[in-house]
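Here is a short report for a reader meeting this structure for the first time. Take a look at the model, then read on.

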Amino acid sequence: MRSPVNLRVAVVGAGPAGIYASDILSRTLPGTAIDLFDRLPAPYGLVRYGVAPDHPRIKAIVAALDKILARGDVRLIGNVDVGDEIGGITIQELGTLYDAVILATGAIRDADLDIPGIDLPGSFGAADFVSWFDGHPDVPRTWPLEASQIAVIGAGNVALDVARMLAKHVEDLSATEIPANVAEGLAASPVTDVHVFARRGPAQAKFSPLELRELGHVPDVDVLVYPEDFEFDAGSEAAMAASNQTRQVVATLTDWALKDPEEARASRRLHLHFLHRPVEVLGEAGPDDVTRVSALRTERTTLAGDGSAVGTGVLVDTPVQAVYRAVGYFGSPVPGVPFDHVAGVIPNDGGRVLGEDGAPIPGLYATGWIKRGPVGLIGSTKSDAQETIRNLAEDVGAGVGLRAGGAGAGADSGVDVIDLLEERGVPVTTWSGWELLQAHERALGEAEGRERVKVVPREEMTAISRGALVS
Ligand SMILES: Cc1cc2nc3c(=O)[nH]c(=O)nc-3n(C[C@H](O)[C@H](O)[C@H](O)COP(=O)(O)OP(=O)(O)OC[C@H]3O[C@@H](n4cnc5c(N)ncnc54)[C@H](O)[C@@H]3O)c2cc1C
């Protein structure tokens with residue numbers, strides 16, 4: 001068994017989970033050589049490409065993550081798609097170069113919502129919209145913001161982010177890092193009404209109190225909540241008794257429900273509807289014979305006693321020209337790694353990846369959203385990483401054969417993965433490249449009195465990071 005000091009570990013995914021895992025690993029087993037791969041030229045995963053641009057306090061986490069990577073004991077290797085032998089490197093190859101591989105690949109796509117009409121033009125996944133407004137390099141630059149009435153399906157913070165970003169006037173985003181194409185798209189939006197639909201009652205909403213209250217402070221947007229949507233069963237009472245957060249959410253919603261709707265004066269409205277189960281996206285053919293979204297059909301529900309909702313058979317059609325489903329994210333498989341296609345996670349036991357026989361695969365670990373599913377805030381990826389690294393260190397201590405095929409090949413073979421990738425034509429980006437890109441984005445921002453302006457095209461991000469373009 002190789003001594004811990006000579007361990008070589010690859011971490012796949014430079015989101016918060018991968019970075020916290022690298023940080024904890026370097027402190028738990030000092031001397032470990034850690035390479036942190038990401039398929040994007042820039043690090044930070046959903047902190048950069050998920051968190052809404054008008055949440056600068058959360059975006060500031062980038063500064064804390066920067067500090068970890070600036071130390072130099074974790075080597076960032078960006079622009080490398082793990083699982084793709086042409087544009088990156090395969091898991092099998094990593095297995096020959098490293099003693100252990102930790103998968104921290106997160107989630108970037110929408111979970112499905114299986115209702116008729118969900119694929120009509122005008123029906124979108126929240127994750128795709130989030131990727132667009134956060135300037136993700138791999139999504140189209142334009143977004144069809146043509147609807148004046150919009151439905152958002154979901155009762156979590158992502159639904160609130162999407163609804164707020166749709167309802168907000170672009171002037172109120174001008175201090176943020178949004179790129180020019182996003183500002184242009186939002187400025188052209190004719191939206192007047194955004195309707196958020198939740199299946200259950202106010203006490204079952206998964207909103208954070210702070211995110212919810214924030215809606216009440218959006219300039220020229222009125223929040224409307226309807227008293228007939230208020231129902232509390234024994235399950236609701238228990239939820240409120242158990243959680244201060246739930247009580248705060250219900251209190252905020254109750255305040256809004258008591259307001260006189262006649263007092264709504266803003267040019268845009270954000271409606272929060274409870275006890276509505278989406279059953280169908282309705283379409284109507286336009287003059288060009290293309291059938292597009294024309295309404296969302298929901299069924300009124302009632303609470304069953306334990307906080308769950310049952311249908312009443314009463315259908316309601318809300319005229320909308322666009323529907324966004326914010327019903328959760330879903331992980332994607334990494335070729336060569338076991339995947340649970342139902343739960344959208346890598347099967348694991350405390351972070352030890354499990355093979356088809358249910359036994360841990362030596363040397364293969366998972367952490368973050370791909371380990372436990374796409375729920376939880378950035379902070380929870382830290383405790384997650386602690387568990388995974390504890391188990392990895394335990395395996396090292398117990399001499400459990402980490403990657404039998406890989407041990408010895410990596411540290412002693414003299415093969416450096418960056419040379420191997422460059423020879424393959426993969427234009428890798430590194431920590432110094434991220435420093436160049438940050439400086440460039442900050443310079444762009446400074447010219448406009450903003451903290452930064454994001455660079456969107458992948459080629460431009462890569463060129464700046466590789467020193468081919470300077471600000
Ligand atoms: C819309 C939205 C808003 C959010 N807002 C907040 C908020 O305000 N506050 C908060 O605390 N939390 C927020 N979260 C939650 C937070 O983003 C997550 O808890 C956290 O990002 C999960 O971390 P992760 O590292 O597991 O995954 P991710 O952040 O998804 O990172 C995974 C990384 O792996 C990379 N990757 C994937 N596949 C490969 C591959 N094959 N090869 C190489 N690299 C790969 C990706 O490019 C990515 O960089 C939000 C989430 C979303 C979706």
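In which sense do strand β14 and β15 pair, and over how many bridges? Strand β14 (residues 291–303) and β15 pair in the antiparallel sense over eight bridges. Strands here are DSSP runs of E with at least two residues, helices are runs of H or I with at least four, and both are numbered from the N terminus. Two strands pair if DSSP finds at least two bridges between them.

This is a predicted model, in which local features need pLDDT of at least 70 and side-chain atom pairs count only at pLDDT 80 or more, while totals for chains, interfaces and linings use all residues. Residues are numbered from 1 along each chain as its sequence is written, and side-chain values use heavy atoms, with hydrogens and water left out.

**The three-stranded sheet**

β14 belongs to an open sheet of three strands, in the order β13-β14-β15, with antiparallel pairing. β13 (276–285) and β15 (309–319) are the edge strands; each has a single partner strand, so one side of each lacks a neighbour in the sheet. The twist averages 25 degrees from one strand to the next. Angles run from 0 to 180 degrees between N-to-C directions, with axes fitted to C-alpha atoms, for helices over the stretch in contact. Arginine 297 stands opposite aspartate 317 in β15.

**The six-stranded sheet**

Another open sheet has six strands, ordered β8-β16-β9-β10-β12-β11, and its pairing is parallel. At its edges stand β8 (123–125) and β11 (221–225), each with a single partner strand, so one side of each is left without a neighbour in the sheet. Neighbouring strands are turned by 20 degrees against each other on average, direction ignored. Helix α6 (residues 126–133) packs on this sheet and touches β8 and β16 (322–325). Its direction makes about 70 degrees with that of β8. Contact means heavy atoms within 4.5 Å. α7 lies across β9 (149–153), β10, β11, β12 and β16. It runs at about 160 degrees to β12.

Within this sheet, five bridges join β10 (residues 193–197) to β12 (residues 268–273). Valine 196 has leucine 272 in β12 as its bridge partner.

**Pairs around β20**

β20 (residues 360–366) is joined to β6 (residues 100–103) by three bridges, and the two run parallel. β19 (residues 352–354) pairs with β20 in the antiparallel sense over two bridges. Tyrosine 365 in β20 is the bridge partner of isoleucine 102. Arginine 352 also stands opposite tyrosine 365. β19 and β20 form a hairpin with five residues between them. In the turn, glycine 358 has a positive phi of about 85 degrees.

**The ligand**

What surrounds the ligand? The shell has 31 residues, with Ala17, Asp38, Leu46, Val82 and Trp369 the closest. A residue counts if one of its heavy atoms lies within 4 Å. The shell divides into 17 nonpolar, nine polar and five charged residues. Ala, Val, Leu, Ile, Met, Phe, Trp, Tyr, Cys and Pro count as nonpolar, Asp, Glu, Lys and Arg as charged, and the others, Gly among them, as polar. α1 (16–28), α2 (45–49), β4 (81–82) and α7 (157–167) each supply at least two shell residues.

The table lists polar contacts, pairs of N or O atoms within 3.5 Å.

| Ligand atom | Polar backbone atom of | Distance |
|---|---|---|
| nitrogen | arginine 39 | 3.0 Å |
| oxygen | alanine 104 | 3.5 Å |
| oxygen | alanine 107 | 3.5 Å |

The protein covers 93% of the 1,000 Å² of accessible area that the ligand has on its own. Such areas come from the Shrake-Rupley method with a 1.4 Å probe.

Conventions
A polar contact is a pair of N or O atoms within 3.5 Å; within protein, one must be able to donate a hydrogen and the other to accept it, and residues adjacent in sequence count only if both atoms are side-chain atoms.
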